[in-house]
Amino acid sequence: MPRAHEATHHESVPAAEITVLIDVDEASWSSWNRYATAFAAANKASVTKINDGGIAGPAFFDHVARLGRPVLESPKRHAEPMPPTLTRRPVRPPVPLWGWALLRRADDARPVVARATQILTDLASTCGWLTRPAEPHWPPSNDERV
């Protein structure tokens with residue numbers, strides 16, 4: 001959110017005060033659009049439609065500045081640093097969760113696959129991704145793993 005926004009005076013932002021960006025490019029942003037639309041509906045957040053791929057990267061930061069309010073950040077990594085005019089705050093419960101899945105064939109006995117699986121599982125454990133948050137959280141209704 002912009003550093004000048006009143007919500008920066010609080011440790012977190014209520015889910016209902018969040019805006020989610022929905023991109024009209026369904027080919028590139030289908031899963032994010034479904035997630036963001038469901039989050040907005042479940043938590044009374046607002047939706048802003050865009051048409052420039054600005055779900056991530058510099059265009060995302062431009063949208064946040066233009067909207068002048070808190071915007072839910074997608075889990076896609078931003079390669080560009082956040083501008084100094086913006087800041088981040090966690091979303092107040094319910095905390096939005098983005099589900100990840102590691103899939104492999106059960107009969108794949110290659111050592112490289114076993115090693116990659118172990119490394120990724122260890123990373124997820126170290127980051128706390130395998131444990132539900134203590135506070136109330138929001139998973140998409142079709143994500144039963146969380």
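Author: Buried means under 20% relative accessible area, exposed means over 50%, and partly exposed lies in between (1.4 Å probe, protein chains only). This is a predicted model, so local features need pLDDT of at least 70 and side-chain atom pairs count only at pLDDT 80 or more, while totals for chains, interfaces and linings use all residues. Residues are numbered from 1 along each chain as its sequence is written, and side-chain values use heavy atoms, with hydrogens and water left out.

Reader: What percentage of the chain's residues count as buried?

Author: Of 146 residues, 36% count as buried. The chain exposes about 9,500 Å² (Shrake-Rupley method, 1.4 Å probe; for residues, only the protein chains shown count as cover). Carbon and sulfur atoms supply 55% of that area.

Reader: How many helices and strands are there in the chain?

Author: Both are DSSP runs, numbered from the N terminus: helices are H or I with at least four residues, strands are E with at least two. This chain has three helices and six strands. Along the sequence they run β-β-α-β-α-β-β-α-β. The C-alpha atoms fill a box of roughly 55 × 35 × 30 Å along the principal axes.

Reader: Which residues does T8 touch?

Author: A contact means heavy atoms within 4.5 Å. T8 sits in the segment before β1 (13-14). Leaving out residues up to four places away in sequence, T8 touches M1, P2, R3, T87 and R89. T8 is buried, with a relative accessible area of 13%.

Reader: How many aromatic pairs does a search of the whole structure find?

Author: Rings of Phe, Tyr and Trp (its six-membered ring) pair if their centres lie within 6.5 Å; planes under 30 degrees apart are stacked, over 60 edge-to-face, the rest tilted. The search finds seven pairs. W32 and Y35 make a tilted one, with centres 5.5 Å apart and 35° between the planes. They are three residues apart in helix α1 (residues 26-43), which means about one helical turn separates them. Both W32 and Y35 are buried.

Reader: What are the centre distance and plane angle for F39 and W138?

Author: Their centres are 5.4 Å apart and their planes lie at 80°, so this pair is edge-to-face. F39 is in helix α1 and W138 is in strand β6 (residues 137-138), so the pair ties together parts 99 residues apart in sequence. F39 and W138 are both buried. Ring pairs link W32, Y35, F39, W98, W100 and W138 into a cluster.

Reader: Which residues of the largest nonpolar core touch the most other members?

Author: A nonpolar core is a set of buried Ala, Val, Leu, Ile, Met, Phe, Trp, Tyr and Cys residues joined through side-chain atoms within 4.5 Å. The largest one here has 26 residues, and I18, V20, W32, F39 and L72 touch the most other members. β2 (19-23), α1 and α2 (58-67) each give two or more residues to this core. α1 gives the most, with six. Beyond its neighbours within four places in sequence, F39 contacts A15, I18, V20, A45, L72, P96 and W138.

Reader: Which residues of α3 are buried?

Author: They are V113, T117 and A124. They cover an arc of only 35° around the axis (from directions to the C-beta atoms), which puts them on the same side of α3. On the other side, P111, V112, R115 and T126 are exposed. After α3 comes G128, with a positive phi near 80°.
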